[in-house]
Amino acid sequence: MRRRTFLMSVPVAVAFSGAVWHEAAASISSVSAGASPYGPLGAPDANGMALPSGFTGRVVARSGRLVGGTLWHPAPDGGACFADGAGWIYVSNSEVPLIGGASAIRFRADGSVERAYRILSGTNINCAGGATPWQTWLSCEEIFRGRVYETYPLGGEARARPAMGRFKHEAAACDPDHRVIYLTEDESDGCFYRFTPTTWGDLSSGRLDVLCGLGGDAVEWREVPDPTPGVLERQTRHQVAAARHFNGGEGCHYAAGVCYFTAKGDRRVWAYDTARQTVTAIYDGTGTLDGVDNITGRPSGDLYVAEDGGNMEINIITPDGVVAPIMRLDGHASSEITGPAFSPDGTRLYFSSQRGTSGESAGTGGITYEVTGPFRR
């Protein structure tokens with residue numbers, strides 16, 4: 001494990017209670033692991049998880065092994081949780097070619113596994129995605145001219161949603177305040193998109209816009225002329241000259257007027273402020289968080305960002321600018337952490353090590369975990 005400094009540049013910070021920005025410290029702030037709201041990480045447990053005091057972890061599924069009567073898929077990636085009666089459902093994508101898709105595990109009220117089942121099959125390299133307010137999971141294909149598939153963890157047949165664009169999709173985040181869905185693109189010159197359904201709750205038609213720069217942090221949206229270009233036609237990220245490009249778009253998460261998204265190429269966490277129409281980096285890649293990837297959050301304003309590589313950690317970014325690890329996996333050096341998602345009551349955090357300790361390129365060593373503890377609400 002390489003030694004790193006615990007520093008974070010904070011030119012601005014987010015007021016997470018709303019879409020309001022305020023000036024923060026003008027100089028680099030020193031941040032230590034002890035500054036985490038949960039305290040320092042302890043020694044790794046029997047499953048290789050280093051957790052703060054008061055937290056416990058367990059393995060809930062392994063790729064290629066039965067869980068709830070179903071073989072758990074290889075290369076588990078993006079995920080989300082859904083309330084289901086007294087229990088809940090955790091959904092996970094499979095980032096493998098041709099047979100990717102997604103699976104779901106239903107948990108009883110006591111946390112035991114009731115059953116598992118497939119919700120999408122026969123799709124290609126399903127990376128991340130996003131949950132909708134109407135209890136569906138958007139599973140995104142990370143391939144050239146990839147599609148978004150709307151799946152139904154509570155029951156129903158999955159459907160392709162081509163109106164959301166044909167490009168190398170990564171993640172999606174629903175904004176119920178403005179009735180739009182934000183989309184990231186995993187290309188070295190990828191774009192950040194906004195899909196506005198013709199009817200909120202129906203993704204079969206709508207308008208796809210791309211974020212464009214106006215100079216500095218100021219941005220605006222412009223319509224993509226052809227959201228579903230052919231193989232030899234100009235692709236979506238190159239159709240609007242003023243489009244702003246991000247190096248390797250990854251996870252995104254919407255909360256209280258702000259959509260946060262990550263870009264692995266420059267190790268930044270970005271924030272799109274819907275009120276001010278600005279995009280600003282709230283994390284510049286100089287702290288404990290490395291290999292930024294999937295991102296989720298809590299009503300408290302805390303963000304949780306998973307690492308693709310790095311120290312194999314999940315880091316918290318608090319509203320007051322603290323960046324610190326809250327979980328580390330030892331012995332998974334050739335893997336990445338994927339699919340962080342909280343149970344509906346906020347007491348359990350699910351995520352996966354996509355390739356596990358073996359580092360199998362096919363993801364057959366994937367492991368899905370649960371951490372339980374006093375997470376801030």
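**A salt bridge to start from**

Select Asp330, which is partly exposed, with a relative accessible area of 30%; here buried means under 20% relative accessible area, exposed over 50% and partly exposed in between, with a 1.4 Å probe and protein chains only. The term salt bridge stands for a side-chain nitrogen of Lys or Arg within 4 Å of a carboxyl oxygen of Asp or Glu. Salt bridges that share partners also join Asp84, Arg106, Glu114 and Arg115 into one network.

Before going further, note that this is a predicted model, in which local features need pLDDT of at least 70 and side-chain atom pairs count only at pLDDT 80 or more, while totals for chains, interfaces and linings use all residues. Residues are numbered from 1 along each chain as its sequence is written, and side-chain values use heavy atoms, with hydrogens and water left out.

**Two further pairs**

The structure holds 19 salt bridges. Select next Asp302 and Arg376, whose side chains form a salt bridge at 2.7 Å, N to O. This pair links distant parts of the chain, 74 residues apart, with Asp302 in the loop between E26 and strand E27 (303–307) and Arg376 in the segment after E32; strands (E) are DSSP runs of at least two residues, numbered from the N terminus. Asp302 is buried, with a relative accessible area of 0%, whereas Arg376 is partly exposed at 33%.

Then move to Arg194 and Asp209, a salt bridge whose closest N and O atoms are 3.0 Å apart. Both of these residues, Arg194 and Asp209, are buried.

**The four-stranded sheet**

Now select the strands E6, E32, E31 and E30, which form an open sheet in the order E6-E32-E31-E30 with antiparallel pairing, where two strands pair if DSSP finds at least two bridges between them. Strand E6 (56–62) and E30 stand at the edges with a single partner strand each, so one side of each has no neighbour in the sheet. Six bridges join E6 to strand E32 (residues 367–372), and Arg58 stands opposite Glu370 in E32.
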